[in-house]
Amino acid sequence: MDRIEKKSTQKSLLVFTEIESLNKGENLINEYEEFLSLVKSSEVEVLDSLKFKQRTPVTSTFISSGKLESIKDLPMLGKVDLIIINHQLSASQNRNLEKYLNKRVIDKTELILDIFASRATSHIGKLQVELAQLNHLSTRLIRGWTHLERQKGGIGLRGPGETQLETDRRLISKRIKRLNYRLSKAHKQREINRYSRKKSRNKLVALVGYTNAGKTTLFNKLTESIQVAEDKLFATLDSVTRKNKKPEHGPILFSDTVGFISDLPTELVESFKATLDELNSADLLLHVVDVSDLDHRIKFNKVNKILDDLSLTDIPQIIVNNKCDLVTDHKIQALRKRNHDQVFISAEKESEFNDLRSNINEILFNGTFKGWVSIENNLGNIRSLLFDMGCVQEEKISPTGKMLANIKIGNDELKQFIDVKGFELCNDKDILSESVN
Ligand SMILES: Nc1nc2c(ncn2[C@@H]2O[C@H](COP(=O)(O)OP(=O)(O)OP(=O)(O)O)[C@@H](O)[C@H]2O)c(=O)[nH]1
Ligand SMILES: [Mg+2]
C-alpha cells in the first residue's frame, strides 16, 4: 500500500473536530495534542491546522457543511496535498470529503496504519501491518485506487473483462490470503518458542499500557536491554522478550509490547491479535501508566477496555504508575493513599524498583525469601540451578567446608529445594561470621 509520502512532498492540513456527543466523559483532555503527536510521528509536513467544535457528526461528510465551506475557502488550500482528520471516517464520508474538497483525505485509522507501517521492522510485524492496511483498503476500494496496478506491473495483470474495481478486489483478496498463510506459519514458530518457555519453567511478565507510558524504559532497566525508548507514539511495535537480570526474582522473562491508543483501528487489533494473544500466556501484566499525563485515568480505562476485548482481564495485573519525577510529591502521596496496591516509580530515574520487584514476587512466587542457605558439596546441581535462576547474591565457604549462599528467591521456588537432604536454611550468625568468601 502507498505510504503517506514524506516531508518533501506531502504538505498537510490538519482538521481537528471535537464532537461533543461522542464518548461523553471519555474524551481526552489533551486529545488535540495527541492528534498532533500522531501526525508528528508520521512525519508529514503540516502547513496549517484547524480546530472545530461540533455537536454531532454529519452522516454524509462527518464535518458540517459550514465548516467544510470555510476549509474550501482557505487561500492556502491550493498548496495542500493531504487533509488529515482526527476521527475514524466511514468509506462514504471519506469519499464525499475528497470529492467536495478535491484533495486526498485520510482519517485517524489510516494515519495510525501509516505510522505502524513506518515502524514495523520484524518479519511478523511487517506482515501484520500489511494485512491491516489491506483489510482497511478493501473497505474503501470503491474509491478507485490505482496503486495496486502500479505495484504489480499494471495492465497486463488484469483478467479479461474485469473492471478496475474487480481487479483490485481480486488482487487484494489474493494478497490477504497469502499474508494470512505466512502469518500463521510465523506464529507456529512462536508457539514452539512459547512451549519451550513453559518447559523451562520461566514465568512471563508482560508490560502493557498506553503508548508513550514508559514501558520500554522500564523494560530496559529490568532486563538491562537497550531497546529504543522515545518520546514518540508507537516507538515499540514488535514485542521483545528478555530474561530478568536481577537476583531478586529468579526465572522470569519480561516482555515489552506495542502500546495502545484510544480508537485503535479494529483492523490493527485484528491483525495483531496473534501477537497480542501471546499475552494470554503471561503469568502477570505490568500495566504501565504515565501519571504525569492529565489524561492518565481515561487512558488507563481505555487500555483495560482493550485488554478486556482481548480476554486478558483474568491475568493478575500490577498497576505501575510511572514518571513520578514529573509530578509533585504531594500528588503522589495522595495517589498512594488512595491506591495501596499500586506501585509508584520513575523508570527513567530509578534503577532498583524494590516495591515493584517484591510485588512481582508476591504474585508469582508467593513472596520472597531472603537469606543464607547451606548446601552440601554433593549438591552441585542445585548450586548451579540457583545461579542459573539468578538468585545467588553472595557465596561463602563455611568452617566445615560447606557452601553457603545468600539468596533471594520466591517462596514457591524455594519449596523445591527445602526437602532436599543437604540443603538447609542457615541462620547461625557464628557460622556466617567464621565463613570465608
Ligand atoms: N521524566 C520521565 N520520562 C520518562 C520516564 N519513563 C519514560 N520516560 C520518557 O517517556 C518517553 C516514552 O518512553 P518509552 O519507554 O518509549 O514509552 P513506551 O510506553 O515504550 O512507548 P511506545 O513504545 O511508544 O508505546 C521517552 O521519551 C522516555 O524517555 C520517567 O520515569 N520519567
Ligand atoms: Mg515502547
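**View 1. Residues forming the shell around ligand 1 in the predicted model.** By class, this shell contains 7 nonpolar, 9 polar and 7 charged residues. Helix α8 contributes its largest share, 3 residues. Of the 23 residues around ligand 1, those that come nearest are Lys215, Thr216, Thr217, Ala235 and Glu348.

**View 2. Polar atoms of the protein beside oxygen atoms of ligand 1.** The side chain of Thr217 places a polar atom 2.6 Å from an oxygen atom of the ligand. For Thr236, a polar side-chain atom lies 2.8 Å from an oxygen atom of ligand 1. Glu230 takes part through its backbone, where a polar atom is 3.0 Å from a ligand oxygen atom. Of the 650 Å² of accessible area that ligand 1 has on its own, the protein covers 92%.

**View 3. The protein donors of the magnesium ion, ligand 2.** Two threonine atoms, OG1 of Thr216 and OG1 of Thr236, lie 1.9 to 2.0 Å from the ion.

**View 4. The surroundings of Lys103.** Lys103 is found in the loop that lies between α3 (91–101) and β4 (104–106). Leaving aside neighbours within four places in sequence, Lys103 is in contact with Leu77, Gly78, Val80, Ile83 and Glu98. Gly78 is 25 residues from Lys103 along the chain, and the C-alpha atoms of the two residues are separated by 9.3 Å.

Conventions. Residues are numbered from 1 along each chain as its sequence is written. Chains are lettered from A and ligands numbered from 1 in the order in which they are written. This is a predicted model: local features need pLDDT of at least 70, side-chain atom pairs count only at pLDDT 80 or more; totals for chains, interfaces and linings use all residues. Side-chain values use heavy atoms; hydrogens and water are left out. Donors are N, O and S atoms within 2.8 Å of the metal (3.2 Å for Na, K and Ca); water is not among the atoms, so sites may look incomplete. Helices (H or I, at least four residues) and strands (E, at least two) are DSSP runs, numbered from the N terminus. Contact means heavy atoms within 4.5 Å. A residue is near a molecule or strand if one of its heavy atoms lies within 4 Å of it. A polar contact is a pair of N or O atoms within 3.5 Å; within protein, one must be able to donate a hydrogen and the other to accept it, and residues adjacent in sequence count only if both atoms are side-chain atoms. Accessible areas come from the Shrake-Rupley method with a 1.4 Å probe; for residues, only the protein chains shown count as cover. Ala, Val, Leu, Ile, Met, Phe, Trp, Tyr, Cys and Pro count as nonpolar, Asp, Glu, Lys and Arg as charged, and the others, Gly among them, as polar.
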